[in-house]
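This short report describes a structure part by part. Please keep the sequence and the 3D view at hand while reading.

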Amino acid sequence: MLSDEEIVDNAIIVMKGGHDTSTILLTFLIRLLANDPSVHAAIVHEQEEIAKSKAYGELLTWDDLAKMKYTWGVAMETLRLTPPVFCNFRTTVKDFEYGGFLFPKGWQVVWAAFKTHMDETIFPDPSKFDPTRFKEQNPVPPHSFVAFGGGPRICPGYEFARIETLAVIHHLVTSFTWKLSSKHNPFSRDPMPVFKQVQATVNKVLFGLHFVVGQALNVGPDPGMS
Ligand code: HEM
C-alpha cells in the first residue's frame with residue numbers, strides 16, 4: 001500500500017513531468033520555426049495537406065497524426081539537441097565496470113541525455129540539426145535517443161506528448177504566422193533549458209495562461225547557449 005507521501009510524490013511527478021517537458025519542447029519548436037524558413041515551409045506543407053482533407057472544425061484522428069512524420073522528426077531532433085530532462089538518476093543494483101571505472105552496488109549514478117545525444121558515434125555531426133536522422137529507414141540504436149529515458153522507468157507520457165505536440169503544431173502553423181521580437185536571446189540550463197531574458201513570457205506559455213502569437217516567444221535567431 002502507498003503511503004500518503006508516496007501518493008503526493010506520484011501526483012506531483014505526473015503534473016511536473018507532464019507539464020514542463022512538453023512546454024519546453026513546444027517553446028523550442030516555435031523558436032525553431034520562426035528561425036528556420038525551410039523547416040517551417042516543410043512543416044506547413046505536411047500540415048496543410050492534412051488540413052485540406054478535413055472539413056472545417058473536424059478533429060484530428062490517429063491516421064492524421066501518423067501522417068505527421070516530418071513534423072515529429074523535427075520534434076525528435078529538437079528533443080535530441082535540447083532534451084527537456086537533462087539528466088536523471090539510477091541506483092546500481094550490482095557492482096559494474098564501465099570505461100575503466102568501478103561503480104559499486106548501491107551508488108546513485110546520473111545519466112545525461114545531452115551527452116548521449118552528442119555522441120558522434122551514434123549521431124554523426126551531432127551539433128547539426130537534421131530531422132532526417134529519425135526517418136524510419138535510419139533506425140536509431142536502442143537507448144541512444146533518451147529524451148524520454150529508457151528501460152522500465154521510461155516516460156509513460158511519451159505517446160501523449162507526441163499527440164499534444166503534433167496537435168499544437170498542426171493548429172499553430174495552419175492558423176498563424178509569427179516572428180520573434182528579440183534578436184539576441186540565448187538560453188542556459190538550470191538544469192532544464194531556460195530563456196533568461198524572457199522568463200515571464202515563457203512562463204505564460206508554460207502555464208497556459210496566454211498564447212500570444214508573435215509575442216509568445218521573445219527569442220532571437222542565435223541558438224547560442226550561455
Ligand atoms: C516532451 C515531453 C516529455 C519528455 C521529454 C519527457 C521525459 C521524461 C523522462 C526523461 C523521464 C525519466 C525516464 C527515465 O528515468 O528513464 C520521464 C518520466 C516521467 N514522465 Fe515524462 N516526458 C514528457 C512528457 C510527459 C507527459 C506528457 C507525461 C504525463 C502526462 C509524463 C509523465 C511522466 C512520469 C509520470 C514519469 C515518471 C515515470 C517513472 O518514474 O516511472 N511525461 N519523462
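## The buried side of helix 4

In this predicted model, helix 4 has the buried residues Thr-71, Gly-73, Val-74, Ala-75, Glu-77, Thr-78, Leu-79, Arg-80 and Leu-81. The cover over these buried residues includes helix 1, helix 2 (37-52), helix 5 (113-117) and helix 6.

## How helix 2 meets helix 4

Two packed helices are described by the angle between their axes and by the distance between those axes. For helix 2 and helix 4, the packing angle is about 140 degrees, and the axes lie 8 Å apart. This angle makes helix 2 oblique to helix 4, since only angles over 145 degrees count as roughly antiparallel.

On the side of helix 2, the contact is made by Val-39, Ala-42, Ile-43, Glu-46 and Gln-47, while helix 4 contributes Tyr-70, Thr-71 and Val-74. Sorted by class, the residues of this contact are 5 nonpolar, 2 polar and 1 charged.

## The surroundings of the ligand

The ligand is surrounded by 23 residues, of which the closest are Gly-17, Gly-18, Gly-149, Cys-155 and Gly-157. The elements that give two or more residues to this shell are helix 1 (4-35) and helix 6 (158-175), and helix 1 gives the most, with 7 residues. By class, the shell holds 13 nonpolar, 9 polar and 1 charged residues.

How values were computed
Residues are numbered from 1 along each chain as its sequence is written. This is a predicted model: local features need pLDDT of at least 70, side-chain atom pairs count only at pLDDT 80 or more; totals for chains, interfaces and linings use all residues. A residue is near a molecule or strand if its C-beta atom, placed from the backbone, lies within 6 Å of it. Helices (H or I, at least four residues) and strands (E, at least two) are DSSP runs, numbered from the N terminus. Ala, Val, Leu, Ile, Met, Phe, Trp, Tyr, Cys and Pro count as nonpolar, Asp, Glu, Lys and Arg as charged, and the others, Gly among them, as polar. A residue is buried if 20 or more other C-beta atoms lie within 10 Å of its own, exposed if 12 or fewer, and partly exposed in between; C-beta atoms are placed from the backbone. Two residues are in contact if their C-beta atoms, placed from the backbone, lie within 7 Å. Axes are lines fitted to C-alpha atoms, for helices over the stretch in contact, and angles run from 0 to 180 degrees between N-to-C directions. Angles under 35 degrees count as roughly parallel, over 145 as roughly antiparallel, 65 to 115 as roughly perpendicular and the rest as oblique.
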